[in-house]
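Have a look at the structure first, then go through the points below.

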Amino acid sequence: MGELLSKGDLVVGLDIGATKMMAVVFNNKFEALGQCRKRSRKNGQTAEDRIRQIIREALDAVGSPPIRGIGVGSPGPLDPKTGIIIDTPNLGWKNFPLGDTLSKEFGVPVVVDNDVNVGTYGEWRFGDISECEDVVGVFPGTGIGGGIIINRKLLHGFSGAAGEIGHMTLEVDGPYCGCGKRGCLEALASRIAIAKEVAALAAREDAPYVKANCGTDIENMRSGAIAKAIENGEKMVEGVVRRAAYYVGIAVANLINILSPEAVVLGGGLVEAMPDLYLEEVNRAVKEHAMPFLRKGVRIVPAKLGDNAVVLGAAHLIAKRLRAQSKA
Ligand SMILES: [Zn+2]
């Protein structure tokens with residue numbers, strides 16, 4: 001994939017999540033040398049202090065060597081040009097200059113981008129589709145995130161926040177979404193949307209396996225538990241998930257019609273728990289809703305990197321930035 005870094009150059013990839021954070025130190029071949037992974041929140045510690053500590057501990061694990069740069073995937077909305085996080089209530093950030101803060105602390109360049117963008121980028125760069133010019137990533141989990149790569153570059157758009165695939169409107173009068181609008185893909189097909197329906201099935205005694213193993217509390221209905229219920233023959237639960245997966249497929253079909261990507265990566269907790277079901281329903285929806293000429297030859301592939309997609313993508317993004325700066 002071309003040499004972005006020279007021998008001995010080290011970079012850090014950082015994945016900032018609402019529940020966990022991970023920093024990994026990579027060498028010039030993007031091999032992980034050391035890492036630190038912790039829960040995102042600790043009483044009495046700000047998110048930025050937590051992040052400093054996690055990066056320091058990842059570096060300490062390999063003897064605190066000098067590094068060339070830090071790549072960051074963070075929840076948005078954010079401005080990738082300035083590294084400013086616009087609003088992330090979970091972490092207590094409003095117009096917070098994350099890029100500058102880390103750059104001052106560690107004395108190196110920092111790139112910041114949306115976590116799902118970075119995850120898509122990582123899956124593209126380090127998966128089986130790295131030769132594709134145009135790629136779309138869709139990640140259904142607790143919410144639904146997406147990323148778009150056009151001409152081998154992440155698409156940011158006018159606002160910097162392009163790629164909010166989870167908020168594509170699919171039902172004009174559909175259920176309310178966390179964003180305040182109605183009928184978004186996320187309101188129809190996220191894990192929370194699925195869990196809400198599955199909880200109702202359990203409460204009505206239509207899903208005995210779920211009732212016995214998870215009760216009727218939405219919080220207990222993790223992707224793995226839902227997958228187990230389907231494996232144990234809960235047909236109505238399967239119907240709920242297939243419908244949600246089909247909605248994801250409709251979104252993918254729309255994206256294929258608009259962007260004509262060569263590959264679509266499907267990841268996130270739900271797809272990881274039920275890859276075959278998701279691939280089947282998404283392929284079915286694409287066949288039914290994407291234009292034949294545009295869908296021809298498009299590869300729809302499951303994500304491969306799991307929890308490592310964001311740190312790898314972030315490390316590659318900062319390596320690319322460093323390379324561009326050294327040429328300038
Ligand atoms: Zn929405």
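Predicted model: local features only at pLDDT ≥ 70, side-chain atom pairs only at ≥ 80, totals over all residues.

The contact draws on nine residues of domain 1 and 13 residues of domain 2.

**Where the domains run**
- Domain 1 comes in two pieces, 11-120 and 307-327, according to the domain assignment.
- Domain 2 covers 130-303 in that assignment.

**What gets buried**
- Together the two domains bury about 930 Å² between them.
- Carbon and sulfur atoms account for 57% of that area.
- On the domain 1 side, the residues that lose the most area to domain 2 are Val-116, Asn-117 and Thr-120.
- Taken together, Val-116, Asn-117 and Thr-120 make up 55% of what the domain 1 side buries.

**Polar and charged links**
- How many salt bridges join domain 1 and domain 2? The count is zero.
- One residue pair is in polar contact across the interface, with both residues at pLDDT 80 or more.

**Who does the touching in domain 1**
- Two helices, α3 (115-126) and α12 (309-327), are the elements that each give two or more residues to the side facing domain 2.
- Helix α3 supplies the largest share of that side, with four residues.

Conventions
Residues numbered from 1 in each chain as written. Heavy atoms only, no water. Domains from an automatic or database assignment. Contact = heavy atoms within 4.5 Å. Buried area = accessible area lost by both parts, 1.4 Å probe. Salt bridge = Lys/Arg side-chain N within 4 Å of Asp/Glu carboxyl O. Polar contact = N/O pair within 3.5 Å; in protein donor to acceptor, adjacent residues only side chain to side chain.
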